[in-house]
Amino acid sequence: MGRRGGGSGSAATMPGAERGSELSEQIEAFAARLRRGGERPRSEDTARQTLSLLRKIVGNGRWSRAGELMDLIRTEGQRMTAAQPSETTVGNMVRRVLKVIREEYGRLHGRSEESDQQESLHKLLTSGGLSEDFRTPYPSLRANVIEAINEMLIELEGTTDNIAMQALEHIHSNEVIMTIGYSRTVEAFLKEAARKRKFQVIVAECAPFCQGHEMAVRLSKENIETTVMSDAAIFAVMSRVNKVIIGTKTILANGALIAVSGTHTLALAAKHHSTPLIVCAPMFKLSPQFPNEEDSFHKFVSPQEVLPFTEGEILAKINVHCPVFDYVPPELITLFISNIGGNAPSYIYRLMSELYHPDDYEL
Amino acid sequence: MARPAAPPAPGPPRSAPPGAVALHPPRFAPLRPPRGRPALPGPPRPERCRGRARQRAPGVARDRRGGAAGGTRERPAGDGTGGAGPRAGPGTAGGGRDRRGGAAGGTRERPARTGVTSPRPAEEPRVRGHVGPPGRQGALRIRTGGMAEREGGNPEGAAPVPAGPQAPELSREEKLQLRKEKKQQKKKKRSEKGPSTESAELCAPPEAGQPRAAAQPTSPPAPADGPGDSEKPAGGKSKAELRAERRAKQEAERAQKQARKAELSQAATTAKPRQSPTEPQSMVKRLPEHVQVDDPAAQRKLAKKLERQQVPLRQDYGTKVNLFSHLHQYSRKKPLTQQMSIPSTVIHPAVVRLGLQYSQGIINGSNARCIALLEVFKQLIRDYSTPPNEELSRDLVAKLKPHISFLNQCRPLSASMGNAIKFLKKEISCLPDTLREDEAKEKLQDVIDKYLREKIVLAAEAISRSAFEKINDHDVILVYGCSSLVNRTLCDAHAKKGRAFRVIVVDSRPRLEGRETLRRLVRRGIHCTYVMINAISYVLPEVSKVLLGAHALLANGSVMSRVGTSQIALVSKAYNVPVLVCCETYKFCERVQTDSFVSNELDDPDDLIVLRKGQAQLGGWAENKSLRLLNLVYDVTPPDLVDLVITDLGMIPCTSVPVVLRVKNVDQ
């Protein structure tokens, strides 16, 4: 949380013009980091960094009305999301902040919170054309929004723990659990369960990067009986698996996943054996995108890991792909466990409408 | 790549540790069956057993001569009991039977004794110690040796007895017999007093022996032997006479049978084909050793068998995944030859080399392994010479056994190899006795060549031709791993028929066999794409056909193949891409299997370790008690995920495997 402290400190001391340029530099650096994407940043860190940057924008930006602030956030948000479209967390945080601004503005504007919360179909129908203009300046808006963003940051810190706390509700003793690759959320989830229950974990290694190895080593250190296997054995072993518990990069609006490549196979295998597939994912991974064109989410990295350059002349004659993500359709998923509880994929749309404002779906 | 060390120098013959030898006798005696085997042939069960014993027909015949124990002896050696073995219960019982078997083995020594390339018998470790000069002294001496040892008497005393004349040998036997019986009586008394478990053990053998007794075809003397040997404790004096009589009878019997056999074989259809329909049943009963590693009794039995065959036992490596504790897990870094020198008198150097190539993964793939095996067996047969007083058809089969055990220790045999061995054994035992040795050897070589040509080479050609019909221009064909058959099919379709198609090669760690496929296809100018198995969902939308190889096709229609195949079939099914499996019919297997657990193979777990950024995450897995590595070799694809099997007999649904098997059995 040093980053957050540092951020607010600089916001207090810096004079206006320098502040603006420094902020712009920070955003640029953040975007560059995303663009490079080398060290596979943890989604939670990305979310936190985005939020603190947004908070700086709110704190230091030149705006007087809510509308201006929202435009500002939107432009900066676009800049950041464009840097790395696969890091949906950034866009999600931008949307969350936009929603916060709307709420704070609405509160200051004198709108009751209940009416906002309970949008009935009837109200949606009747109030169609009526949108807010966010013109009225409120001096307390800045502080309120920053306050709300701080709350979000605190909430962010607890997400993994909140998810892990539900572990015992889902893992019974002597269970065989399969997972794939490395997910910190799943790691925490399983470790929490291991404090009370004895069970066995099978980790698919997730070639070519073999993140699964790290996962397995970490789990085995907690005395969880862990087995590492190659991705090819997923289906072969699935018949003995009780539950599949995985993490994900993004939850799409239809309840589908964009997860590490290999997950689709895993989900299909689980479906084939009617094994429940549980996705552990914090709410900030919920993204209001639909998989319109399935290819749009693809991200490719250097195929060097798949076929090393040492292979020689053969490389000139072939195509080698190394996609990072898989699309997992919602019908293969049994349950989402997020920091606010468990939900079926069919309920995701509802959670989404609570998290984001419909107007912000497109940044 | 010539990693495998040259076959070890013949080295001094392993002399059995004195302790080992001494251990045998006392344990042996108490476990003799209190009564002989119940008299006679059972109805259907024996039939089946006979079917099973088909391959070992010569051995059986020989056993009969060996008397009661001979019948039981076959069991531990051949692993033939199937259900009976494990059923016999606690470890000691198993051991006991073995012991008994060992004893009988003494009488059975003859066939194995006068070995192929070597004068050294190599079959029975027990005998090892005191078979001084190479074996011309023949069976009788060995036999006495065996007996003596069994008695706990000094083998040295027994050994020098000259072989030839019947009379001294008998008298010695007589003595031994007497001694044995005394001992037995003592033991019996003790066992009666003993706890009930022991008596249970005592009961077990006769029960197990039953089918075996019946399994011996046309052998009235055998059952008579059984009781005679173990039942009449008092008949000391008459024993020798009885024995002599019996032997004469058996000799006559055998001569008769051989004559009959010769006749039959000339008539082209021996009794064997008739038995073949019963074979599937017997196959079902027999549980291969390499899937019951978790059964200590079975393991002990294996150890005994290997010891008898002078084949080193390979130690399992590392902790196994619980689900697979019934399978072997070997380390590539510890090849069989490192732990123990293998006398070249027992195992042909070519087989040693082959075994190392198997265990190091240098020869890999079902077809390649089978071809290599048959080539080595050809060499083995070339170098073989029938010892005097032996028949090639019997001795050679017995001679093959330790070799097969050895190869099995290096790496569990593939289904293709199993079928080839079955075929070869049958061919050997079907050889007409009228053939001279060199003729017989010539014939066997031809038969093997024919098998290689017809079952593998021509079959591949036939498959390649029919698979070609399924490959259209502009197809995108997905292949997995490295299947020689699929590669050939694709190369043919590209080069000979000029089809324009693209291939996506899917690969998986840790074997990365797809790279070999990639090299081969690219060399032929086929346009290739290469992905790992995780990325299969990414490539499948553009794929029009999936072409897979197979390790074996099981009788329930399941396809056993390299691990990952089933997964590809599954995902292909989800994307509605047709899955075609190419498989020669010689890989069809009568086993049935519904999951990938029961019968599978574990490869070296160290293969999974990967070095990334200078550190191997899994490096210390062996020290980590709660971390296991699973390096599975095969998996089983359920039949509903496979649309078509392309075989040398044409294109069939994979549920037609049993039909093909049945037809094949009738043909043979």
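Pro208(A) is placed in the loop that runs between β2 (199–204) and α11 (211–221) of chain A, where helices (H or I, at least four residues) and strands (E, at least two) are DSSP runs numbered from the N terminus. The peptide bond leading from Ala207(A) to Pro208(A) is cis, with omega near 0 degrees. The model is predicted, so that local features need pLDDT of at least 70 and side-chain atom pairs count only at pLDDT 80 or more, while totals for chains, interfaces and linings use all residues. Residues are numbered from 1 along each chain as its sequence is written, chains are lettered from A and ligands numbered from 1 in the order in which they are written, and side-chain values use heavy atoms, with hydrogens and water left out.

A cis peptide bond is also found in chain B, where Arg509(B) is joined to Pro510(B) with omega about -5 degrees; Pro510(B) lies in the loop between β2 (501–507) and α24 of chain B. In chain A, Asn174(A), which is not a glycine, has a positive phi of about 65 degrees, and this residue belongs to the loop between α9 (167–170) and β1 of chain A. As background, most residues other than glycine have a negative phi, and most peptide bonds are trans.

Between chain B and chain A the count is 3 salt bridges. The C-alpha atom of Arg509(B) is separated by 9.8 Å from that of Val610(B), although the two residues are 101 residues apart along the chain. Val610(B) is located in the loop between β7 (579–582) and β8 (611–612) of chain B, and, when its neighbours within four places in sequence are left aside, its contacts (heavy atoms within 4.5 Å) include Cys210(A), His213(A) and Arg509(B).

The contact between the chains draws 50 residues from chain B and 50 residues from chain A. The area buried between them is about 4300 Å², of which carbon and sulfur atoms give 62%, buried area being the accessible area (1.4 Å probe) that two parts lose on being put together, summed over both.

Strand pairing also links the chains, two strands being taken to pair if DSSP finds at least two bridges between them. Strand β8 (residues 318–320) of chain A is joined by 3 bridges to β3(B), and the two run parallel; within this pair, Asn319(A) stands opposite Thr529(B). An open sheet of 8 strands, with mixed pairing, has the order β11(A)-β10(A)-β7(A)-β4(A)-β1(A)-β2(A)-β3(A)-β10(B). Because β11 (341–343) of chain A and β10 of chain B stand at the edges, each with a single partner strand, one side of each is left without a neighbour in the sheet. Inside this sheet, β1 (residues 175–180) and β4 (residues 243–246) of chain A are joined by 2 bridges and run parallel, with Met178(A) opposite Val244(A).

A further open sheet, of 3 strands in chain A, has the order β5-β6-β9 with antiparallel pairing, and its edge strands are β5 (250–251) and β9 (325–328), each of which pairs on one side only. Strand β6 (residues 257–260) is joined to β9(A) by 4 bridges, and Leu257(A) has Val328(A) as its bridge partner.

Conventions:
Salt bridge = Lys/Arg side-chain N within 4 Å of Asp/Glu carboxyl O.
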